Amino acid sequence: MAEPVRTVLPSATTSKPKRAAARARWISRAFALLGTGTSLTVLVGWRLDVPAMRRLLPGQPPMVALTAFACLLLGTALLLATRMRRSKTSRCASRWLAVAAAALALGGGLQYLIPGSFRLDDWVQRLVFRQLEAGSGMALATAAGILGTAAALLLQDTGNRRLRHLGSLAALGAFVIAAVGGLGYAYGLGAFHQGGPFSRMALITAVTLGALSLGVLLSRPNLPWIATALGGGEAGALTRHLLPAAVLAPLLLGLLELHAVRAGLLEAETGTAFLVIVLALWLAGLTTRLARNVDRRAVTDRHLHDVLRGMNDTLEQRVTERTRDLALAQDALVQAQKMEAIGQLTGGVAHDFNNLLTIIRSSVDFLRRPDLPEERRTRYMDAVSDTVDRAAKLTAQLLAFARRQALKPEVFDAGERLSGVASMLDSLTGARIRILTQLPESSCFVRADASQFETALVNLAVNARDAMEGEGTLTIALACNRSKPAIRGHAGASHHFVTVAVTDTGSGIAAEQIERIFEPFFTTKEVGKGTGLGLSQVIGFAKQSGGDVDVASVVGRGTTFTLYLPRVDAEANAARKEEAPEGPQVEGADQCILVVEDNIEVGRFCTQILLDLGYGTVLAQSAEAALAEIEAVPFRFDAVFSDVVMPGMGGIELAKRLRELHPELPVILTSGYSHVLARDDSHGFELVRKPYSAEQVARAMKAISGRKKSRLSA
C-alpha cells in the first residue's frame, strides 16, 4: 500500500518571512534601547557634571544636551513603534514624540539658516548645566539626521505607498549621514570636522544617530531586503556571509591605506592604485564564490528535480496499480452481489414454485385413483386450477419487477379506478383500519395497464395493513399535474405526473432497509406472512409505465409510498377507447385457425382447446412454416394464433409481415415473457398471456371475430 505523501514545503516557506520580521523587530528594539540609554546617560552626565558620561568614548567631544534630548525622544518613539501589540494610544504617542524630536532638530538647525543671537542648543544647555563652550553645539548634519529619522517614524504607518517609501529613504539618508560622520573620526580626517555640515558632530552622536536610523529601517519588517538579509533561508545565510566581507573589507583597506600614506610608507597615488587593485581582487573572489554557490545550488536543484520526478513516477505507478486493484475489487464485489441477488431470487422462486408444484403433484396423484368420489375430484381439479393461477401471478410479479411483463396499456381515469379499489379494501384490510380517500375535483387520466394499476394499489394497501398490525388509518390521495422529483439518484422530470400517495400510521421502515424494500423476496415479515414480491411488482409496474415510486418513512410514525405515472389528456382516452364486441358466443364452425407454436406440447393443448371450441386447426412449429402454409392456400385460414418467442422469425415479426401481405387476416399473439412486448405493448395485435385458459382463448377469438365482421360490414 502506498504511504501518504506529506508536504511541508509550503508551511516552511510561509514561516520564513515571519521569522525574519520577528528578528528585525528585536534588532530594532535593541537599537532603540541603545539610543535611549546613550542619550539618557549623556543628559545625566551633564546634570551631574560627570565628563565621562557626557562623552562615553574617552578623548572624544561630548554630545550636547539638545542632541541628547532629541535622541531620547526618537529612542522612546521607536520603542513604542516596535511593540508586539500596538494600541492606538502607543501609535499616537510615538508620532508626537517623533514630532517633538523633529522640532528640536529644526530649532537647532535654524542657527545655520537664520543668523541671530538666539540659539536653541545653547538655551537647552543652560537649562541642564551651563552655556555652551565656544565652537560647540548641534551640527547641521546632526539636525539633518534627526529630521530624517523623525520623518521616517512619522511616515512608516501611512496608507500611501509612496510616502512610506519616502520615509524609508529619509531613514536611509540619516544612516548615511551618521556613517559618514563616524568614518571621519575613524579615518582621522581632522579637516572633516573643522568645517562644513559635520563640524561639531561628536563621535557618540554619530554612533547614536546611526543606531536609531538603522532601528527605524528595521522597524518595517515587510521591506524585501529585510526578509532577504535576516531570513532563515539560503539567501539570508549567503547575504549575512557576504555582506560583512563586501562592506568591512573596503573600509578596513581604506583605513590601512591612509595610515600608510601618513606614515610615509606609501605615496598617495601608489596607495590609491594599491587599494583599487586589492579591492578588485577582493570583489573578484567574492564574485567567484557567489558563482560557485549558484552552481552548487543548480546542481542541488537538478538532483532534487530528478528525485522528485522519480518519486512522481513511482507515485503514478502506485496510483495506477491501486486504481487497477480497486477496479478489480469493485468488479469482484459487483459480481458477488449479482450472484447473491441471483441466488436469493432463484431460491425464492424455487421455494414458491416447489410449494405450488407440491399441490399440483398431490392433486394429480389423487385424481388418478379410480374410486375417487366426484366431490373430491372436483376439489382437486379446482386446487390445480387455483395453483396454476397463483403460479401465473407469481411469474407476473417477477416479470413486473424485471419490467419484462407484457402490459396492456389503456387510457383510464385514475380516480375512478382508485374509487373502485378503495371500496374493496375494507374487506381486505379489516374493520379496525380506517380508509380515507382524497380525490381531486377534475379527472386524472393515465395510460397504463389498468389491472396492474389496481394490483399495485392492493399491494401497497396490504403492505400498509401489515405495517399497522391491523389497526390505524390508511390514506390514499390522488393528485394531478405534479412534477417527479429526483428519486434514488435518478433525475427528476418537469412534465406532469399523476401521483397516488398511500400513507399509513404504522411502525415505519428503518433507514438501513429503505434501499432494500423493493428487492424481490426481501421481507421483514414472519415466515409464511409474505413473499416479498408486492413492492417489487409496484416498482416494476411504475418503471415500465414511465413513472417511479418514492418512499418516505419515519420509524414509529408511518410510511408514505408515492406512485408516479405519466399524465395524458382526456382526448387520448376518447381516441384510444375501443368498444368491446358484444353478442353471443361466435361458433367456430367452418373457421380454420393456424396455430404457430415451437413447443409441440403447448401447441397440441392449444389446438385441442380450439377444437373443443369448434374451430378447425393447423399447427406450424415456426413462423417460416406458417408463412409457407398461408402462401400455399391464401384464403384457407380465418385467423392466426402465434407465440411471440420462437427460434428464427418471432411472432411479432410474423404478425407484421401478415399485416402487410394479408391485412384482412387477424393475428392473435400469446406469450408469457417478451422484452419486445414489454417495451412496445402488443403492437396493435390481440394478446393472450400465458398460461391461458380455454375461456381466455374463446374471449380473444370472439374479439377478433367481432372486429372482422365490423370491417366486412363497413
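These legends go with a set of close-up views of a predicted model. Local features need pLDDT of at least 70 and side-chain atom pairs count only at pLDDT 80 or more, while totals for chains, interfaces and linings use all residues. Residues are numbered from 1 along each chain as its sequence is written, and side-chain values use heavy atoms, with hydrogens and water left out.

View 1. The unreviewed UniProt entry puts "transmembrane region" at several stretches, including 63-81 and 273-291; positions follow the numbering used here, feature names are shortened, and annotations may be inferred rather than shown by experiment. Residues 273-291 are 100% helix, with end C-alpha atoms 27 Å apart. For residues 63-81, it's 89% helix and 25 Å. Helices (H or I, at least four residues) and strands (E, at least two) are DSSP runs, numbered from the N terminus.

**View 2. An open sheet of five parallel strands.** The order reads β9-β8-β10-β11-β12, where two strands pair if DSSP finds at least two bridges between them. β9 (616-620) and β12 (686-689) sit at the edges with a single partner strand each, so one side of each has no neighbour in the sheet. On average, neighbouring strands are turned by 20° against each other, direction ignored. Zoom in on β8 (592-596) and β10 (639-643) and you'll find four bridges, with L594 partnered to V640.

**View 3. Helices lying across the sheet.** Helix α18 (623-632) lies across β8, β9 and β10, at about 155° to β8. Helix α19 (651-661) lies across β8, β10 and β11, at about 175° to β11. Contact here means heavy atoms within 4.5 Å; axes are lines fitted to C-alpha atoms, for helices over the stretch in contact, and angles run from 0 to 180 degrees between N-to-C directions.

View 4. (Rings of Phe, Tyr and Trp, its six-membered ring, pair if centres lie within 6.5 Å; planes under 30 degrees apart are stacked, over 60 edge-to-face, the rest tilted.) F412 is in strand β1 and F453 in helix α14, so the pair ties together parts 41 residues apart in sequence. R417 lies over the face of F412, 5.4 Å from the ring centre; the cut-offs are CZ of Arg within 6 Å of the ring centre and within 35 degrees of the ring normal.

**View 5. F641 and Y692, edge-to-face.** Their ring centres are 5.7 Å apart and the planes stand at 80°. F641 belongs to β10 and Y692 to the loop between β12 and α21, 51 residues apart. Both residues are buried.

Note on methods:
Buried means under 20% relative accessible area, exposed over 50%, partly exposed in between (1.4 Å probe, protein chains only).
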